[in-house]
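This report is meant for a reader who is meeting the structure for the first time. Please keep the sequence and the 3D view at hand while reading.

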Amino acid sequence: MNLKKFITAATFTFAAGAFCSGAFADDVKPILQHGKKNLYEKILTTPGCKLYADENAADGSALPAFTRFYVYQNKGKRWQVGPDDKGNNLGFIDESCQVPWKMQMAMVFTNSAGRDRTLIFKKKSALEDLIDDPDIDTLASKLNESLKKGETPEGVISAEPENFIDYTKHFYLMPVLDYKETAFAADSNNDLMLQIASVSDGNGKAEYQDDERELKEFKAAVVFVIDTTISMQPYIDRTKETIRKVVKSVCDEDLEESVHFGLVSFRSDLKTAPKLEYTTRVYVKPGEATSVKSFEQKLGDLKQATASSAKFDEDAYAGISDALEKIDWSDYGGRYVVLITDAGAIKGDDPLSSTKLDAEILRKQARDKGVAIYALHLLTDSGARNGNHDKAKAQYKTLTFNDIVNKSLYYQVQAGNVESFGRTIDKFALDITSQVKSAAFGEEAVGSAESTAQAAQTDSDKTMEEDTVLLGNAMKLAYLGSKQGQSAPPFFEGWLSSRDLTKRTKASVVPVVMLTKNELATLAQITQETLEAESTGVLDSEGMFVQLQDIASKLGRDPNQLASAATQNRTPSSEGVIGEYLDGLPYKSEVAELTRESWESMGPDEQSRMIERLEEKLLYYKKCNENNDLWVKLNPQDDDAQAVFPVNLDALP
């Protein structure tokens, strides 16, 4: 795709706004971090903090929790702070209502399905001793047993809530204060010990914890996204049969309000093949048809195309995009999309692509919405003749990679066997309905570590059934956390392991960078300008490397400094500044991990692929900006530009 056209297409507008301007004091600068020449001290306010006009003021104005300030003086009981490093709007806050914010990174809990709840230790040494002990499995199990009994294990200051926290309803931050790289003595798996502060806007747990009652209202939606081009009729018919059978089953069990099905079909570009009739079509949305008869009516004219597409690949990404964007998922705890196709997907940079989206962007969108994407890839003879299987496999493995099961939800149907396909799709649909049924009847299927332990211990060849059980439990934890208003623990500081103490391949927390809409807008602008400069030859390979490192380093340390990347001419002599920004970060993005040597060793082709990934991320920022559900206003009086969103590190340059 022509980069200039891409950049023009990807340009988008963010709401403007920032702290109100005050008098600029050129001679006033924040305090530098200890041992740094360019990094300023920053803090994050805790709930209940006030901003005072001077050191001795009797009363001040309330501040929203999580407000970021630069520190100008830190002597005495009140510190002088400001919203930027320019000396604007200086005020004072109490020393007791802030935590250090040396880096912009924070941690958020992963969904705890298939692992134990994360323990937070008061002292670094207590966690260190546990990690260094070869018998950690026994010791950690005892701590967890104590926690399950409602006791506070020795050395533990707090623990992760039982259910997954919906940050859009109960916002929380765990800023990283310090860290240590280590490894478990039991198996040599690498680990990061993280010192975090827990800063929550909640007041602990909800007033009641009636999991059984809440789960009776748990609903699931399954949206099939099916290829309806020539040769797909047998699979279309078999999918319709599955839906008919399952709908009848849930109706017989009086569960028609608990399990809903939808169907989206896709073909390809109409300009090159107008007889295809459509590129995508939403035949039925979840909840529109809850009886066999109504489904029959909705799907009556669902059939394969009568004309061929311009190429073997079809616009599968358009079908997935419709399933994510045109379906209202908010009423459902269980959220599943099932792609059924025998062809690869048209790439986003192909002129025939109707969305300009690729697998990685759609995967991130699905993760943000809590939707699990499955792919049933039909290995038909026509796909083999076109040499399409390997390409399609790579695309759909990327599309369906799921962080909870830590694998791709990609399944092959050998030779496109319709009977085998039918068994697979029947089993999948029945697995989901059985989980909803168990929840509706109050059975033990909440998703605790005990109920998922067996599934969590299986290897990467877990069957679809095992994957679906683990995902279903994870979705129930998320649902319960949302319904019960599950909050993060109140304010404290402590140490935790980045990995589960007994299932040590599982991450307990993941890194995010907290960005406002203003900062995301600046990031998008600078990424766009960098790509444009590279495409027009303004930046050579050397300049591109330094510019990208500048962006990546500021994101990890201080996104407020991003704007300087657009105006400063970075040269090799300025890499000391970049190095200072990168030094001491516990996690680094793809670009931040690059060294000059690794960049140069890539060669033009690999460098081009990295630039393509940046183009995809720019489109993802556009999608983030458009999705209002992702953004949280910490202060109801803030304008939209000050809303925040924890952006996963893998989505950043």
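The text below takes up a sheet, a residue in a strand, and the cavities.

This is a predicted model, in which local features need pLDDT of at least 70 and side-chain atom pairs count only at pLDDT 80 or more, while totals for chains, interfaces and linings use all residues. Residues are numbered from 1 along each chain as its sequence is written, and side-chain values use heavy atoms, with hydrogens and water left out.

Six strands make up an open sheet with mixed pairing, and their order is β15-β14-β13-β16-β17-β20. Helices (H or I, at least four residues) and strands (E, at least two) are DSSP runs numbered from the N terminus, and two strands pair if DSSP finds at least two bridges between them. Strands β15 (280–284) and β20 (410–413) stand at the edges with a single partner strand each, so one side of each has no neighbour in the sheet. From one strand to the next, the twist averages 20°.

Helix α7 (residues 316–325) lies across β13 (220–227), β14, β15, β16 (334–341) and β17 (372–378), and runs at about 145° to β14. Such angles run from 0 to 180 degrees between N-to-C directions, with axes fitted to C-alpha atoms, for helices over the stretch in contact, where contact means heavy atoms within 4.5 Å.

Thr 516 belongs to strand β22 (residues 509–516). Its relative accessible area is 13%, so Thr 516 counts as buried (under 20%, with exposed over 50% and partly exposed in between, for a 1.4 Å probe and protein chains only). Apart from neighbours within four places in sequence, Thr 516 is in contact with Trp 631, Ala 641, Gln 642, Ala 643 and Val 644.

The structure holds seven cavities of 30 Å³ or more. On a 1 Å grid over the protein atoms alone, a cavity is a set of points where a 1.4 Å probe fits but cannot get out, and lining residues have an atom within 4 Å of a point.

| Cavity | Volume |
|---|---|
| Largest | about 90 Å³ |

The lining of the largest cavity includes Asp 116, Arg 117, Ser 497 and Asp 500. Among the residues that line the second largest cavity, those closest to its centre are Met 105, Ala 552, Gly 556, Ser 589 and Leu 649, and helix α15 (residues 541–557) gives the most to this lining, with three residues.

Technical notes
1 Å grid on protein atoms, 1.4 Å probe; cavity = no way out; pocket = protein on both sides within 12 Å on 5 of 7 lines; lining within 4 Å. Points joined across faces, edges and corners; volume = space filled by probe spheres on them.
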